[in-house]
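Thanks for coming, everyone. I have one structure to walk through today. Please take a look at it before I start.

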Amino acid sequence: MPATDYQGSSASLRHSILSLRRDPVHSMDSPHSTSTLELELETFQRQVTGRLLELSSAEPDRLLSLAWIRKLLDSFLCCQEEFRVILFNHKSLVQRPPLDRFVQDYFERTVKGLDVCNAIRDGIEQIREWKKLLEIVLCALDNQRMFGEGQFRRARKALIDLSISMLDEKDSNASSVLAHRNRSFGRQQASSRDQHQRSLGHFRSLSWSVSRSWSAARQLQAIGNNLVAPRGNEVVATNGIAVAVYTMNTILLLVMWALVAAIPCQDRGLQVHFPIPRQFPWAPSVFSLHERILEESRKRDRKNASGLLRELYQMDRCARVMSDLTDWFQFPLTEEREGEVRQGVEELANVCEVLKEGLDPLERQVREVFHRIVHSRTEGLDSLGRPNHV
Amino acid sequence: MPGCQSMTTTYEGEQHVIAAAQHILKVLGENKNLTGDFRRVLTELDSHLSAMTIITESKRRGFSEVEEQLKCAERKVMRWESNPSLIWDSGPTEASEYIQAVNEIHTVMETLGGLSMNDHGRPKELAFRAQCVQQIAMSRLEEELYHILVQHKQSFELKNISFPSRVDFVYDESFVSVEDEIVNDTSQRDKSGRESNEYIVDLIDPLLIPDIKSIASVMFASGYDREFCEAFIGNRKDALDEHLSNLEIQKLSIDDVLNSEWDILSCEIKKWVRAVKIIIRVYLASEKQFCNQILGDFGSHDSYCFVEISRASIFYLLNFGEAIALGPYNPEKLFRFLDMYEVLADLHLDMEGLFSEVANSFVMSEFHDLLRRLGASAITTFLEFQNAIALNASIHPFPRGEIHPLTRYVMNYITTLTAYGDTLNLLLKDPNPVLETDSGQDICTSAFSPMGCHLRSITSTLESNLIRKSKLYKDGSLEHIFLMNNIHYMVQKVKGSELRLFFGDEWIRKHNGKFQQHATSYERATWSFVVSLLRDDGRTSLKERCRRFSNAFNDVYKIQTRWCIPDLQLREDLQISTSQKVIPAYRAFLAINSRNGSDKYIKYTSDDMEKMLLDLFAGPSMSLRNSHRW
């Protein structure tokens, strides 16, 4: 069965899996364990489909939010665990070619995901830095009885720092690490102070984790490299487990890709090929997610975003609003203006609150993904009976 | 002044009223039958009255005084705004004057802060003006802080922190021989016994600490603690990054690590081992102290700042370790895994000291995770090593019966391993050892230690492999020479190093016996037959016997002079022993046959024979001195 003929092979895939029960040559150990395997594989596919469906049917303002990302990671962890159990329960099958190759290939792909996890963790840290600047704005303007110029200046300074930082992040491939601070309110540029160009710590983008040559886009390409659905004969030869491997590979790619899309990291290219054969029950969900996220990245106001995380968008928007509002020098404020400021501050406070609640758990989850990948790879390679030698 | 007069009178009048009211409250309060609610009302009233006293007090001082105070401070602050030079560069008086000015602004704001919402006009205007000046001053102080930290950075020598490196074990994929002259210095432990705070250094000129503290004080008091912390953290992070790059740490991704050549990786690991120690024990400890010096008075800000500063570098160092621990687990990596494990185990107390607060438990759990994984990697590699020995297969017999490269490699490998005896014993006993706080354990070198058992198992695997290799020889004698050489080498290695503590006398005795037995077997295999040719069996003529003997001896000579026994003592011993088997028989033969005049068949005296036996086992370097054809 040629690999390119996706439409045609759908029937044969199902047929292949079903025929295992009838074909004594391919039944391993006992017919009983084969049917257990079949059940496990079916359940696995069902679970995957269900989770992906839930994720892909998120409302527009929920997609790529912190909560959604956490759900995405949670789904990954669950799928990963179920997959691991399948491999564990059927070690003897896993050790036989060609399945051993497929599984080994899967583990190699997951290792490439480890660097993505680390980069994402740094991205989360970066978002925290931005949140801290917003907290200064809140400190200046929240819960104030009246607004004065001093508070506005304070807020504005933080907002300028924020916008420079976010710009720096986007241009992280550029050589500039030092940021020129815009002195606000027309203070003269003092020459000797210029000489000490201030490289504000929180402006540097991701200083100590990845080298300048690391690229998220390249990493994603590597994860998705040569990812093709198993052919009919391969499915038969592996008792259907090859399908589970392919499924897991796809989920891995999707999750890593979505993380890179959402969170700031170095060289966030989203052009990764997702060639998914339509006969898989979860294919429509994956396709839909892919389309929706890509579309999001193409939107006018999100094109140059450092990350598509919804809260980042809100943060950016609030910051812009506050920037405009604080660009004002007539005090005391009119009631109308004051109202606008208070509203802006309230929205900002909400975003900060969401970030405050959500960033730490997200980081922990990303770390959990890292650890699980390492653990299941070690376990998996051990059970493949390989002496873990190069 | 009439105004002042009336104010004074008003004040006095007010004070009387307030005092009277407070007296009434006191009397009421002494009533024991009061309800909770009533008592609360009384308390509130009392504090309200007290507050009023303050308000009237400040009012008494005169609003104009406050305004004057602000104007004065404002002048000082604004004067500096148009000044390009740095305040703290311009001398201590300027600096303290500025701080004082800022403090005064703060006092003014506190004073004015008691105003109610309904107050319009001058007080509120003044408050906003003060706030504005304050913001300008805070912004300036942030810059000054940054410059102070940059300009007064201190560098220091690292030479008094020595980190002896272990011997570099050269691994060759094909098990080709390793130099026997590797110096195995097992006294390489960095047990300098220093107290941890001996390593703390001054990161910033200590003279500037009061200045930095005063900036911190004033910024915190004015509610600008966030700005202070961010500027502070930013600079400290920069400084730490600089240290890391001075230690030549490259930013390697996990992919990079997995795709690197081993010798490059080995270098990186050595750098890492050194860096980890310096960063944690010197820099971070010093940084923590510095944070404490500056921010110790402000609640938990010092530990918050410290964690933020150290996060990125700690995580990087730990990530590198994780990447290495992913494998693959080739035997040559064992020493690096053990180095990494040991350095982290050594530092775990330092780490606890730095990150022990509950909020920082994530750092410690990552640390412990890595430690565990490195330990597991080490054990896996150690066990893999034994597998590798078992699987090492030869197709052809090893020339000249010499010491096989596998033997050399294995014995040198395990000799080097003895330097890690403590750690290996710990890990072999329990893969997740609880780290002892006291590192004064003695090396458990008993032959019954886990290490001892494993090492004997390894040599036993080696022996089995050697026996298989010896079967490749067509010549039975060479089989014995080969095994004799190799087992003798093993025994020498064990006797001459720390290995003897792990193997024990019993093992040495037993293996002495083994190689000696091979020597005996060799003699029997080669010489029994040859010597038997001299015997008079009644049927063969003397001439024939001489001819057969000569040929046999000649063959043996031709072949076995090219065999090699590298150890000179062993060679000599075997030659002597062979002599003792052959020469007396030959002498006897000569004695019996000398009378018959059969000298013409006998070519050599027993002396000649002895000399020729000394040519045996010399190896290819030996050029045949006696190229006689018999």
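Predicted model: local features only at pLDDT ≥ 70, side-chain atom pairs only at ≥ 80, totals over all residues.

Let's begin with chain A. Its secondary structure comes to 13 helices and 0 strands. Of its 390 residues, 58% are buried. Now look at contacts in chain A between residues at least 6 apart in sequence. Of these, 79% join residues at least 24 apart. As for the surface, chain A exposes about 17100 Å². Carbon and sulfur atoms supply 50% of that area.

Next, one stretch of chain A. An unreviewed UniProt entry lists residues 241–263 of chain A as "transmembrane region". What does the model show there? Over residues 241–263, the chain is 96% helix and 0% strand. The end C-alpha atoms are 33 Å apart.

Let's pick one residue from that part. Ala261(A) sits in helix H10, residues 241–262 of chain A. Is Ala261(A) buried or exposed? Its relative accessibility is 0%, so Ala261(A) counts as buried. Leaving aside residues up to four places away in sequence, Ala261(A) touches Arg268(A), Leu270(A), Ile293(A), Gly307(A) and Leu308(A). Asn304(A) is 43 residues from Ala261(A) in sequence. In space, the two are 12 Å apart, C-alpha to C-alpha.

Now the cores. The largest nonpolar core has 284 residues. Which residues have the most contacts inside it? They are Trp68(A), Leu141(B), Phe228(B), Phe232(B) and Leu417(B). Helix H5 of chain A, residues 99–141, gives this core its largest share, 21 residues. Apart from this core lies another, of 5 residues, including Ile18(B) and Leu42(B).

Back to Phe232(B) for a moment. Its contacts include Leu145(B), Phe290(B), Cys305(B) and Ile309(B), again not counting residues up to four places away in sequence.

Phe38(B) belongs to helix H2, residues 36–61 of chain B. Phe38(B) counts as partly exposed because its relative accessibility is 38%.

Last topic: charges. Side chains of opposite charge can pair when their charged atoms come close. How many salt bridges are there over all chains? A search of the whole structure finds 53.

Start with Glu81(A) and Arg372(A). Their closest N and O atoms are 3.7 Å apart. Glu81(A) lies in helix H3 and Arg372(A) in helix H13, so this pair ties together parts of chain A that are 291 residues apart in sequence. Glu81(A) is partly exposed, at 29% relative accessible area. Arg372(A) is partly exposed as well, at 26%.

The second pair is Lys153(B) with Glu242(B), at 3.1 Å, N to O. These two link distant parts of the chain, 89 residues apart. Lys153(B) is in the loop between helix H5 and helix H6 of chain B, and Glu242(B) is in helix H7.

At 8% relative accessibility, Glu268(B) counts as buried. Lys271(B), at 22%, counts as partly exposed.

Finally, some salt bridges share partners. Glu81(A), Arg84(A), Glu368(A), Arg372(A) and Glu379(A) are joined that way into one network.

Terms used. Residues numbered from 1 in each chain as written. Chains lettered and ligands numbered in written order. Heavy atoms only, no water. Core = buried A, V, L, I, M, F, W, Y, C linked by side-chain atoms within 4.5 Å. Buried < 20%, exposed > 50% of the residue type's maximum accessible area, 1.4 Å probe, protein only. Helix = DSSP H or I, 4+ residues; strand = E, 2+ residues; numbered from the N terminus. Contact = heavy atoms within 4.5 Å. UniProt positions renumbered as here; feature names shortened; annotations may be inferred. Areas by Shrake-Rupley, 256 points an atom, 1.4 Å probe, with all protein chains shown as cover. Salt bridge = Lys/Arg side-chain N within 4 Å of Asp/Glu carboxyl O.
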